[in-house]
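Open the model in your viewer and keep the selection panel at hand.

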Amino acid sequence: MAPMMDWSDRHCRHFVRLLAPRTLLYTEMVVAEAVVRGRRERLLGYDPSEHPLALQLGGSDPAMLALAARIGADHGYDEINLNVGCPSERVQNATFGACLMARPSLVAECVAAMRARVAVPVTVKCRIGIDDDDHYEFLLGFVDAVAAAGCDTFIVHARKAVLSGLSPRENREIPPLRYELVWRLKAERPALTIVVNGGLTTIEAVERQWQRVDGAMIGREAYHHPYFLAELDRRAWPEGAVEPPPPAALVAALRPYVESQLAAGERLHAIARHLLGLYAYRPGARAFRRVISELAPRAGAGYAVLEAAVRAAEGAEALRAAG
Ligand SMILES: Cc1cc2nc3c(=O)[nH]c(=O)nc-3n(C[C@H](O)[C@H](O)[C@H](O)COP(=O)(O)O)c2cc1C
């Protein structure tokens, strides 16, 4: 599951893990300097059930990134990933994210510095190109330079980033997907682990990618339809795969986590907002979302709201079944 700011936070990951036991999960991007100077526990804390778990860092200062990577590894993250794909202007002003694709030697320096400080894999998430640098040779040149610094895993969002004129959201939709560049990269650099990302919303589409590259990273569809990720997890690792719990059982399984978080001062909405897609493509989806959206943000809302949402969804389903 892809790193997604405001979405793939620890509550989301805790919940997704109950559906997808083996899938590698990524944190939201955390700025390296914040890790080094900020409130570490708040930025890096997670529940052990979230493993395997990769920490995504943003930055371009090799020394700062190396320190942050080390702190992340000491917290037990299984992988440290560098964000070279985010096109937001805020990120460009700080010279990190996608604009770093134009500076492969700096990214190589960052990766080398991070690798020197951690034993876990250091990986890079990038785009196929930026602005007019959108030809295959540009991607290959970037990857070769960074691979020479010891990075052997690249997650490639198969769209270029347009650095001015498009918002981050538009940059996830407007530049066309060009998977063939990622496939060619894998064909020409078979020793590297190449993971494709972008626009994968069906099981068949993901399975086709698995024939060409080493893996697929899923963002929005995993978030809005978490049972999609559950099904991919089962197909990726068929041995020992078990049926994911149905929504009502899943909400029941979340109870201890929700109650301990509420007791620690968290608000129900911070957790419940990630559950909105639980009934996606099922009867009762709208009733479930309505109860969560209306009741979870209220002051003092507790676990009972989730039970009420399940009852509403299952009631709507029963009504529908009764004709
Ligand atoms: C709400 C949101 C936040 C995102 N935040 C990040 C981020 O922090 N770091 C990152 O590398 N990509 C981020 N992305 C991009 C995703 O990781 C992914 O590359 C993109 O959504 C394309 O994959 P998809 O089509 O499967 O969603 C974000 C995407 C969304 C929708």
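Start with the ligand: 23 residues surround it, the closest being Ala2, Met5, Met29, Gly219 and Arg220. Here a residue is near a molecule if its C-beta atom, placed from the backbone, lies within 6 Å of that molecule. This is a predicted model, in which local features need pLDDT of at least 70 and side-chain atom pairs count only at pLDDT 80 or more, while totals for chains, interfaces and linings use all residues. For selections, residues are numbered from 1 along each chain as its sequence is written.

Colour the shell by class: 9 residues are nonpolar, 8 polar and 6 charged. Nonpolar means Ala, Val, Leu, Ile, Met, Phe, Trp, Tyr, Cys and Pro; charged means Asp, Glu, Lys and Arg; the others, Gly among them, are polar. Next select strand S1 (25–31) and helix H10 (220–224), each of which supplies at least two shell residues. Helices (H or I, at least four residues) and strands (E, at least two) are DSSP runs, numbered from the N terminus.

Now select Asp9, in the segment before helix H1 (10–19).

Finally, show H12 (residues 247–263) and H15 (residues 304–321), whose axes come within 10 Å and cross at roughly 175°. Axes are lines fitted to C-alpha atoms, for helices over the stretch in contact, and angles run from 0 to 180 degrees between N-to-C directions.
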